[in-house]
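Colleague: Please show me the model, and then let us go through its packing.

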Amino acid sequence: MNKTSEFLLNEYQRRRSSAPQLTNAQFAKILGIPSSRLSDYINGRRIMTMSVGKQVIKGLGMGENDFVHLKNLIEFDKRKVKTLLPEVQLKEDEFGVICDWYHFAILALVPVKTFQPNATWIADRLNIPAEVAQAAIERLCRLGLLQIEDGKFIVTHKQLETSHNIPSESLRRSHKQSLVQVLDNMDRVPLDLRDVTSITFPMNRKKIPEAKRLIRNFRRKMATLMTQGPKTDVYNLNVQLFPVTKVQK
């Protein structure tokens, strides 16, 4: 997937978060381009021209700075077509997996007993566009985290190394997405299918390392417990520990 593809997909998903019924054709109409061409751009079959980029920015109601950003992405994609290196693609894929929640959700969805190995079904279960699901599947395969053999999805359990020069901004974006999911689903998911609790207490910040160890152990124990037996759904467990008082040195 190229940079302009991700730009379009991210904007499409952002708008669908507030308007879940938004279709690919409707989004194309907003952009002022045919839906078939939008599909080509998203799937990397075509690279956007500068004139189309201007039309896209105008349709999205964005400004000049946004066009400059998109222009840089278009130029990057054009250069990449000529000088694409596998390791460059790998780094881009790693960023994508770390940033966007649905990659790990797809891996977790594979063992679910009703799982169907196609992007349309996955998109419906995760409430994401089919194009986003297909792009994520391809990225997981390139990274060796997922294999497809005779139409069957196989999770390889290969560990994705994230400690080498991966910006913390990517992880922060992932964490923010998890929090947004909680807010979006608070009113949609019945109380008996979710649990949101909190506690506020005074503490000694010197104990934060110990608190983090306890949280890590709790997450592992919870995952072990909840993955026993037949799988029916994919859940996300979030644990946040942060100060509500102003941080002072």
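This is a predicted model: local features need pLDDT of at least 70, side-chain atom pairs count only at pLDDT 80 or more; totals for chains, interfaces and linings use all residues.

Modeller: Residues are numbered from 1 along each chain as its sequence is written, and side-chain values use heavy atoms, with hydrogens and water left out.

Colleague: Is serine 5 buried or exposed?

Modeller: Serine 5 lies in helix H1, residues 3–18. Helices are DSSP runs of H or I with at least four residues, strands are E runs of at least two, and both are numbered from the N terminus. Buried means under 20% relative accessible area, exposed over 50%, partly exposed in between (1.4 Å probe, protein chains only). Serine 5 has 0% relative accessibility, so the residue is buried.

Colleague: Which residues does serine 5 contact, leaving aside neighbours within four places in sequence?

Modeller: Contact means heavy atoms within 4.5 Å. On that basis, the partners of serine 5 are Tyr41, Ile42 and Gly44.

Colleague: How are H2 and H4 oriented to each other?

Modeller: Axes are lines fitted to C-alpha atoms, for helices over the stretch in contact, and angles run from 0 to 180 degrees between N-to-C directions. The axes of H2 (residues 24–31) and H4 (residues 50–60) come within 7 Å and cross at roughly 105°. Angles under 35 degrees count as roughly parallel, over 145 as roughly antiparallel, 65 to 115 as roughly perpendicular and the rest as oblique. H2 and H4 are therefore roughly perpendicular.

Colleague: How is H1 oriented to H4?

Modeller: The axes of H1 and H4 are 13 Å apart, at an angle of about 15°. That makes the pair roughly parallel.

Colleague: How many charged residues are in the contact of H1 with H4?

Modeller: Phe7, Leu8, Glu11 and Arg15 of H1 meet Val56, Ile57 and Leu60 of H4. Ala, Val, Leu, Ile, Met, Phe, Trp, Tyr, Cys and Pro count as nonpolar, Asp, Glu, Lys and Arg as charged, and the others, Gly among them, as polar. The contact has 5 nonpolar residues, no polar ones, and its charged residues number 2.

Colleague: What is the relative accessible area of phenylalanine 153?

Modeller: Phenylalanine 153 sits in strand E2, residues 152–155. Beyond four places in sequence, its contacts include Val110, Phe115 and Ile148. Phenylalanine 153 is buried, and its relative accessible area is 8%.
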